[in-house]
Amino acid sequence: MTSSRRTPQVFDYFLCGQKLKSVDSNPYLGVEISRTMSWNLHIDNTVKKANSVMGLVKRNLYAAPKETKILAYQSIVRPTLEYAASIWDPHTQKNITKLEKVQRSAARFVCSNYSRYSSVTSMLQELEWQSLQNRREAARLTNFYKIRKGDLHVTAADKRLIPTKSTRLHSARYKHLNSRTEVYKNSYFPKTIVDWNALPPSVIEAPSTPSFKERLKEHLIQRI
């Protein structure tokens with residue numbers, strides 16, 4: 001993997017005497033990783049797969065009750081959109097919009113309302129569906145909470161989580177990680193530390209993960 005800002009150094013690698021083929025991207029545990037660490041291809045693949053599943057749901061459940069449609073979306077479509085999302089959570093509006101369009105399409109299907117004059121935003125509010133962007137942020141912060149508590153082990157986390165002397169907002173703040181590239185700036189730790197430091201004490205001081213999730217959800221809803 002190399003940064004797109006520099007001329008990549010090319011090395012040959014061999015396995016059992018066979019030269020390995022060089023590729024621009026490759027799937028790993030269901031996530032498409034590119035040599036530039038751009039998530040564009042992965043997000044395009046994710047949206048394509050989610051739309052395919054959504055199409056299957058629409059064809060088979062078009063006459064189903066609203067509750068059944070909701071269950072289908074939340075059980076088999078949305079998980080496709082959120083698989084490992086803490087890692088590839090996009091920062092560009094273009095990619096954010098691509099993902100949200102799938103949920104907005106699902107809202108129309110669930111509400112059986114395809115009128116061009118109807119507000120999809122109102123449908124989402126009626127269904128009490130948070131934006132996927134908010135859900136990804138909540139997932140990142142929940143994982144961060146678990147890392148701090150020792151409930152989730154992440155290699156080299158201690159090297160990235162450096163407490164700061166500033167106690168503005170709350171006393172569990174961490175130093176921002178310097179970054180020279182947009183790729184690193186918007187990767188998990190640099191991005192999530194910024195969001196964590198901005199949380200109010202009432203959320204940070206939650207005594208358990210379920211409590212943290214509930215307080216965080218309320219905070220994100222109030223922030224809208």
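Is the crossing of α1 and α2 right-handed or left-handed? The model in which to look is a predicted one, whose local features need pLDDT of at least 70 and whose side-chain atom pairs count only at pLDDT 80 or more, while totals for chains, interfaces and linings use all residues. Residues are numbered from 1 along each chain as its sequence is written, and side-chain values use heavy atoms, with hydrogens and water left out.

Helix α1 (residues 40-61) packs with helix α2 (residues 66-82) at an angle of about 160°, their axes lying 9 Å apart. α1 is therefore roughly antiparallel to α2, a term for angles over 145 degrees. The crossing of the two is right-handed, meaning that the near helix is turned clockwise from the far one by less than a right angle. To the contact (heavy atoms within 4.5 Å), α1 brings Thr46, Lys49, Ala50, Val53, Met54, Val57 and Leu61, and α2 brings Thr68, Lys69, Ala72, Tyr73, Ile76, Val77, Thr80 and Leu81. Of these residues, ten are nonpolar, three polar and two charged.

Just after α6, Gly150 adopts a positive phi of about 85°.

Helix α9 (residues 188-197) is mostly covered, with eight of its ten residues buried, among them Tyr188, Phe189, Lys191 and Trp196. The buried residues of α9 pack against α6, and also against α3, α7, α8, α10 and α11.

How values were computed. Helix = DSSP H or I, 4+ residues; strand = E, 2+ residues; numbered from the N terminus. Buried < 20%, exposed > 50% of the residue type's maximum accessible area, 1.4 Å probe, protein only. Axes fitted to C-alpha atoms, helices over the stretch in contact; angles between N-to-C directions. Parallel < 35°, antiparallel > 145°, perpendicular 65-115°, else oblique. Nonpolar A, V, L, I, M, F, W, Y, C, P; charged D, E, K, R; others polar.
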